[in-house]
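Please read the points in this note slowly, with the model open beside you, and find each place as it is named.

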Amino acid sequence: MVRLGFISLALLSACTGEIESENLKGLTPQEQVAQTLWVDKALPVLSGKCTMCHDGSMPNIGYIAGADDLMKRDTLISYVPRIVNMGAPQSSRILTKGDHSATGGGPALDATQASDILSWIVAERDARPQADVIRTMQAPMMVCTTPPCPVNVVDISGLGAAGSVEFTISQVGADSYFTDLKIKAGADGLYVEHPLLESWPTGATDPKPDPLDRFFAIQQNIEPNMELVLGTASVGGFNSTDPISLRFDVVEKKRP
Ligand code: HEC
């Protein structure tokens with residue numbers, strides 16, 4: 001390919017292929033893969049179906065706002081609450097949201113579109129230094145067959161501040177049904193972000209995340225010795241006899 005100088009490149013702004021390859025200069029090979037997947041796969045899907053509402057033109061949902069392709073990407077990656085989940089890409093809210101036209105929103109992604117966006121998220125994750133994963137030990141479950149149900153207590157004290165996650169679990173068809181799900185703070189209180197339920201099928205080296213990533217938006221202070229009630233959750237495809245772990249983005253003592 002002919003290498004163009006900066007001035008001629010600016011004049012030839014219609015020549016996107018060239019601009020793209022210029023933009024890849026200085027990136028690691030993994031970053032190049034991720035950026036190419038963003039520009040060629042993920043963004044076209046989002047532009048066709050999602051950006052008309054999520055480009056910042058509507059308040060509070062500007063997940064894909066930005067003056068150019070890469071700024072849109074940066075907004076989406078850093079948006080809080082986390083729409084893109086690097087810790088468990090396939091459970092990212094952007095993939096699992098589905099049809100939300102009933103609430104003034106958009107259509108579902110089809111399987112190909114979802115898999116294009118997923119490949120991009122996986123590539124972005126692979127392009128980053130492996131963050132330390134904040135995760136409890138895998139805890140064996142006491143499964144409820146008849147009430148009163150035994151309460152499972154997963155200690156999170158090793159993660160940054162004293163506390164636990166508590167719930168009962170029963171099997172309903174192919175899914176696990178969690179009730180009385182709560183996060184309890186110890187004497188220092190707790191600050192938590194983004195709890196994610198994970199199941200460990202026998203022999204698995206990676207856990208299976210909650211496919212809905214339903215607690216993605218939680219960023220919460222909990223007063224000392226108090227609890228945050230999460231309620232019930234029917235988690236598709238979790239076998240209740242498999243061990244459970246909890247993964248977080250942040251676990252700290254209560255923030256001032
Ligand atoms: C017609 C406008 C519109 C379009 C098109 C649209 N959305 Fe939305 N979106 C909304 C509105 C309004 C909300 C807030 C209400 C809600 O959560 O349903 C929202 C919320 C969301 C959320 C918030 C997550 C949550 O549960 O809080 C996600 C993720 C999302 N949209 C993804 C998408 C994706 C992916 C597309 C394209 C396939 C898309 N949206 C297309 C209007 C739109």
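This is a predicted model: local features need pLDDT of at least 70, side-chain atom pairs count only at pLDDT 80 or more; totals for chains, interfaces and linings use all residues.

1. Which residues coordinate the iron atom of the ligand? The iron atom is held by the NE2 atoms of two histidines, His54 and His100, at 2.0 Å. Around the iron atom there are six donor atoms, and because the angles they subtend run from 86 to 180 degrees, the arrangement is octahedral. His54 belongs to helix H4 (residues 51-54), whereas His100 sits in the loop between helix H6 (93-96) and helix H7 (111-126), so the two histidines tie together parts of the chain that are 46 residues apart in sequence. Both His54 and His100 are buried, a word that stands here for a relative accessible area under 20%.

2. With 21 residues, H3 reaches 29 Å from its first C-alpha to its last, which is close to the 30 Å expected at 1.5 Å a residue. Even so, H3 bends by about 45 degrees at Trp38, and Trp38 is itself one of the buried residues of the helix. The other buried residues of H3 include Ala34, Leu37, Leu43 and Leu46.

3. Strand E5 (residues 190-193) pairs with E11 over three bridges in the antiparallel sense, and Glu193 has Val250 in E11 as its bridge partner. In general, strands of a sheet pair through backbone hydrogen bonds, either parallel or antiparallel.

4. The bond from Val80 to Pro81 is cis, with omega near 0 degrees, and Pro81 is found in the loop between helix H5 (69-78) and H6. The bond from Pro147 to Pro148 is also cis, with omega near -5 degrees, and Pro148 has its place in the loop between strand E1 (134-135) and strand E2 (152-155).

5. That loop between E1 and E2 also holds Val151, which counts as partly exposed because its relative accessibility is 45%. The C-alpha atoms of Val151 and Pro140 are separated by 12 Å, the two residues being eleven apart along the chain.

6. Finally, please look at two residues with a positive phi. Asp180, found in strand E4 (residues 175-185), has a positive phi of about 50 degrees although it is not a glycine, and Asp180 is exposed, with a relative accessible area of 52%. Asn225, which lies in the loop between E8 and strand E9 (227-235), is likewise not a glycine and has a positive phi of about 60 degrees. Is Asn225 buried or exposed? With a relative accessible area of 58%, Asn225 is exposed.

Terms used
Residues are numbered from 1 along each chain as its sequence is written. Side-chain values use heavy atoms; hydrogens and water are left out. Two strands pair if DSSP finds at least two bridges between them. Helices (H or I, at least four residues) and strands (E, at least two) are DSSP runs, numbered from the N terminus. Donors are N, O and S atoms within 2.8 Å of the metal (3.2 Å for Na, K and Ca); water is not among the atoms, so sites may look incomplete. Four donors count as tetrahedral if all angles lie between 85 and 135 degrees; four count as square planar and six as octahedral if opposite donors are over 155 degrees apart and all others between 65 and 115; anything else is irregular. Buried means under 20% relative accessible area, exposed over 50%, partly exposed in between (1.4 Å probe, protein chains only). The expected span of a helix is 1.5 Å times one less than its number of residues. The bend at a residue is the angle between axes fitted to the seven residues ending there and the seven starting there.
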